[in-house]
Amino acid sequence: MSIDRRKFIKVTGLTALGAAAGSSARLFAEDSTTAPVRKPPLVGKRWAMVIDLRKCHEENGCDDCVNACHHIHNVPHFDNPKDEIKWIWKEPFEHAFHDQEHEYTKENLKHSLALLLCNHCDNPPCVRVCPTQATWRRDSDGLVMMDWHRCIGCRYCMAACPYGSRSFNWRDPRPFIDEIQQDFPTRTRGVVEKCTFCEERLAKGEMPACVEACKAKAIAFGDLEDPDSEVRQILGSSFSIRRKPGLGTMPEVYYIV
């Protein structure tokens with residue numbers, strides 16, 4: 001019996017590579033009497049992230065969130081910046097928000113680093129240009145997903161993304177991974193990759209790795225459609241900005257300044 005890979009991914013919430021790594025096979029093969037107790041999946045209608053740059057600035061020398069994300073997702077480390085693969089990273093505030101900075105911006109903020117990642121836009125231009133539908137927006141919760149098996153490396157999505165949130169594997173990444181995590185798939189040369197809001201962790205009832213790793217509690221994650229969620233509470237009581245709002249992409253990563 002043939003299975004439509006795309007439909008399977010949308011229904012189960014698993015990436016194609018996660019299935020390829022055997023995670024789904026183990027899930028269904030375990031005896032129900034011996035399987036470990038599993039948390040129910042985190043369910044939301046519109047996942048979003050809030051990053052408090054005031055708190056993050058206090059820990060500006062800290063890269064715990066970056067290290068945690070890259071470690072569990074088998075992101076390689078290349079010495080040559082031209083080959084860099086990044087799911088989450090930091091850039092100077094003036095570069096990340098050049099269209100919103102003004103002379104009265106707090107001095108400490110203007111010269112600080114901003115934490116950046118895929119914005120999981122409501123109107124993602126990367127999805128529109130992908131010729132193989134290797135990237136798509138999930139209707140159930142708004143996450144912009146990738147099927148790395150479908151990616152043909154045309155890099156149209158990279159050209160369309162105005163945030164620089166996607167990386168291309170010019171080289172085989174696996175020899176450049178310090179410690180391969182067996183429960184998450186590695187990628188191959190010629191494939192684009194990016195942050196997925198840790199959808200594989202959400203499916204296991206866990207928060208994104210960057211949220212858990214942040215000692216300063218500068219990152220919040222939750223359902224925008226839930227008025228009682230932490231992200232709604234923060235956005236309702238604090239002034240926030242988004243990157244390049246004039247483009248109409250409607251990013252769902254908010255920054256408290």
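**Notebook: salt bridges, a strand pair and a pocket**

I looked up R46, D122 and R137 and found them linked in a network of salt bridges. A salt bridge here is a side-chain nitrogen of Lys or Arg within 4 Å of a carboxyl oxygen of Asp or Glu.

I note that this is a predicted model, in which local features need pLDDT of at least 70 and side-chain atom pairs count only at pLDDT 80 or more, while totals for chains, interfaces and linings use all residues. Residues are numbered from 1 along each chain as its sequence is written, and side-chain values use heavy atoms, with hydrogens and water left out.

**Salt bridges**

I found 13 salt bridges in the structure. One of them joins the side chains of D64 and K215 at 2.3 Å, N to O. D64 belongs to helix 5 and K215 to the loop between helix 11 (209-213) and strand 8 (219-223), so the pair ties together parts that are 151 residues apart in sequence. Helices (H or I, at least four residues) and strands (E, at least two) are DSSP runs, numbered from the N terminus.

I then checked exposure by relative accessible area: buried is under 20%, exposed is over 50%, and partly exposed is in between (1.4 Å probe, protein chains only). D64 is partly exposed at 26%, and K215 is exposed at 56%.

I also looked up R150 and D147, whose side chains meet in a salt bridge at 3.7 Å, N to O. R150 is partly exposed at 30%, whereas D147 is buried at 0%.

**Strands 2 and 3**

I found strand 2 (residues 88-92) running antiparallel to strand 3, with five bridges between them. Two strands count as paired if DSSP finds at least two bridges between them. P92 stands opposite L113 in strand 3. Four of the five residues of strand 3 (residues 113-117) are buried, so this strand is largely enclosed by the rest of the structure.

**The second largest pocket**

I looked up the second largest pocket and read a volume of about 460 Å³. A pocket is an open set of points on a 1 Å grid over the protein atoms alone, where a 1.4 Å probe fits, with protein on both sides within 12 Å along at least five of seven lines; lining residues have an atom within 4 Å of a point. The volume is the space filled by probe spheres set on the points, which are joined across faces, edges and corners.

The lining has 22 residues, and N67, H70, V75, P76 and H77 lie nearest the centre. Helix 5 (64-72) and strand 2 are the elements that give two or more residues to this lining. Helix 5 gives the largest share, four residues.
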